Amino acid sequence: MPKFISATPDSRLLPLPWDTPLAEWPVDLLVALPRGLSRHVVRFIQVGDSVYAAKEVVEHLAHHEYRLLQDLNRLNIPAVEPVGIITDRKDASGERLDPILLTRHLEFSLPYRSLFSPGVKQGTVSRLLDAMVVLIARLHVGGFKWGDVSLSNILFRRDAGEFAAYLVDAETGEVHARLSDGQREQDLDVARTNLYGDFLDLQAGGMLLEPFDPIQLVENIIFRYQELWQELTGVEEFSGSEMERIEGRVRRLNALGFDVAEMDIETDEGGSVIRIQPKVVDAGHHQRRLMKLTGLDTEENQARRLLNALDAFRFRAGRGHCDESVVAHEWLTQVFEPVMQKVPEELRDKREPAQVFHELLDYRWYMSQREHRDVPLVEAVTGYVHDVLQRLPDEFMSQDGLLPASEGQRLVNPYDPSQGFMDEGEAPPHDPWEDDIDEVPLVSTYLDIAALRAKAVSD
Ligand SMILES: Nc1ncnc2c1ncn2[C@@H]1O[C@H](COP(=O)(O)OP(=O)(O)O)[C@@H](O)[C@H]1O
Ligand SMILES: [Mg+2]
């Protein structure tokens with residue numbers, strides 16, 4: 001009898017064929033979703049309206065990874081959510097089978113292979129790399145040494161105009177109270193090797209063309225990480241007449257998505273030299289606030305945008321004096337939900353509601369500019385659905401996620417990408433939102449800490 005260990009049990013999982021090796025599961029229980037490369041057998045299982053990722057893995061690693069994913073979720077670090085482990089599996093002839101680790105499928109997540117294609121814009125790559133660098137820094141701030149940084153172990157989700165990166169594979173991770181420089185350096189060494197391999201692989205598959213260069217991409221990532229780490233934790237010294245530098249540092253850290261838990265401030269005897277060193281923690285402030293007010297679970301930038309929309313609603317309705325949660329409820333029922341209801345059912349798998357709302361706000365702004373009037377949101381929805389949403393590839397249930405876009409090949413077995421591609425296929429879907437991204441150089445604007453410093457001084 002297989003044994004279930006789970007903090008959030010789902011009884012619909014019990015009747016599944018746990019006594020069959022995962023690779024031989026009947027296809028009607030599985031769902032084909034884009035997936036990164038893996039060492040283990042990984043499949044997506046559908047029960048009712050829930051999708052789980054199942055990984056067959058040796059016992060001690062299954063327990064280790066389950067615990068670590070729980071820790072990461074507690075630390076509020078973006079990672080897939082652990083659901084349980086199924087152990088004591090035996091096949092028909094009584095042979096022992098490895099346990100299965102279950103995680104909740106991260107909806108709307110995109111493995112990197114879905115995001116790289118021959119025409120990929122520099123701006124897109126830049127935003128992806130930034131998201132990855134921020135994830136590694138967040139892990140390190142939380143005392144987590146990953147041990148296996150690679151593109152296949154990261155999932156990306158759209159977050160307003162940027163990307164948010166999630167950790168997907170915690171098998172090799174270790175949690176410490178604090179990471180030493182040496183431990184961080186080890187993680188970076190692994191990152192260098194793995195990422196270089198990943199980029200070479202993309203290059204060989206024709207998905208990474210000039211001017212992208214694997215070595216340069218890797219150097220860029222490491223450089224940006226070092227810069228971010230310095231900003232997050234570095235000691236800053238200045239004279240007693242420049243006290244505003246303390247606030248400047250805090251504001252820059254907030255802009256990068258981190259909060260300051262403590263600021264160590266030392267002054268020399270005469271008070272003429274001040275030395276500060278922040279202790280940063282993960283932010284997610286807007287996300288938590290929106291969740292509390294509306295129950296909407298979004299990414300940080302989406303939350304910021306939705307909160308702005310909520311504030312605008314409050315201001316326009318002249319309800320500045322009312323309780324915020326009452327107004328939030330009104331906004332949800334009078335603005336957000338009616339707009340979402342106007343999105344045809346069959347198009348709802350293309351984008352998460354919060355992302356649709358964010359893109360719709362942009363669309364409405366352009367439409368208002370064009371027509372020199374204040375276009376109501378409900379009116380803009382029709383245009384947005386027609387001009388944008390309808391043309392987008394499905395991100396939730398796409399079977400095409402792993403296709404190298406230029407070749408438009410189809411997988412031989414969509415449940416197991418390692419079996420390669422079939423011969424012919426169609427052109428890749430075109431994502432009009434990517435058109436707007438300017439050809440910015442690979443040096444990022446988001447993590448451009450020098451620019452951030454300059455801005456903090458001039459503000
Ligand atoms: N919870 C999940 N949600 C979405 N995708 C997932 C999830 N778990 C695994 N995957 C996909 O499966 C791939 C392999 O999983 P991973 O845990 O990295 O296996 P391995 O230990 O064999 O490398 C990942 O790259 C990711 O694309
Ligand atoms: Mg992996």
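This is a predicted model: local features need pLDDT of at least 70, side-chain atom pairs count only at pLDDT 80 or more; totals for chains, interfaces and linings use all residues.
Reader: How many bridges join β1 to β4, and which residue is the bridge partner of F4?

Author: Three bridges join β1 to β4, the strand of residues 82-87, and the two run antiparallel. If you look for F4, you will find that its bridge partner in β4 is I86.

Reader: What should I notice about phi of D88, and where does D88 lie?

Author: Phi of D88 is near 55°, which is a positive value in a residue other than glycine, and D88 lies in the loop between β4 and β5 (89-90).

Reader: Which strands make up the open sheet of three, and how are they paired?

Author: Here the order is β8-β10-β11, again with antiparallel pairing, and the edge strands, β8 (110-111) and β11 (162-167), each pair on one side only. Two bridges join β8 to β10, which covers residues 154-159, and P111 stands opposite L155 in β10. Between β10 and β11 there are six bridges, with D159 standing opposite E162 in β11. These two strands form a hairpin with two residues between them, and in this hairpin A160 takes a positive phi near 50°.

Reader: At what angle do helices α4 and α5 pack, and which residues of α4 and α5 meet?

Author: To read a helix pair, consider the angle, the distance between the axes and then the residues that meet. Helix α4 (residues 181-204) and helix α5 (residues 214-233) pack at an angle of about 145°, with their axes 9 Å apart, and their crossing is right-handed. Among the residues that meet are L188, L195 and F199 in α4, and L217, V218 and I221 in α5. By class, the contact of α4 with α5 has 12 nonpolar, one polar and one charged residues. The loop between α4 and α5 contains P211, and the peptide bond from E210 to P211 is cis, with omega near 0°.

Reader: Turning to the ligand, how many residues surround ligand 1, and which are the closest?

Author: There are 21 residues around ligand 1, and the closest are G36, S38, H40, A53 and D169. The elements that give two or more residues to this shell are β3 (50-56) and β7. Sorted by class, the shell around ligand 1 divides into seven nonpolar, eight polar and six charged residues.

Reader: Why can one say that ligand 1 lies between domain 1 and domain 2?

Author: Look at which domains supply the shell: domain 1 (3-104) and domain 2 (110-234 + 442-452) both give residues to the shell around ligand 1, so the ligand lies between them.

How values were computed. Residues are numbered from 1 along each chain as its sequence is written. Chains are lettered from A and ligands numbered from 1 in the order in which they are written. Two strands pair if DSSP finds at least two bridges between them. Helices (H or I, at least four residues) and strands (E, at least two) are DSSP runs, numbered from the N terminus. A residue is near a molecule or strand if its C-beta atom, placed from the backbone, lies within 6 Å of it. Ala, Val, Leu, Ile, Met, Phe, Trp, Tyr, Cys and Pro count as nonpolar, Asp, Glu, Lys and Arg as charged, and the others, Gly among them, as polar. Domain bounds come from an automatic or database domain assignment. Axes are lines fitted to C-alpha atoms, for helices over the stretch in contact, and angles run from 0 to 180 degrees between N-to-C directions. A crossing is left-handed if the near helix is turned anticlockwise from the far one by less than a right angle, and right-handed if clockwise. Two residues are in contact if their C-beta atoms, placed from the backbone, lie within 7 Å.
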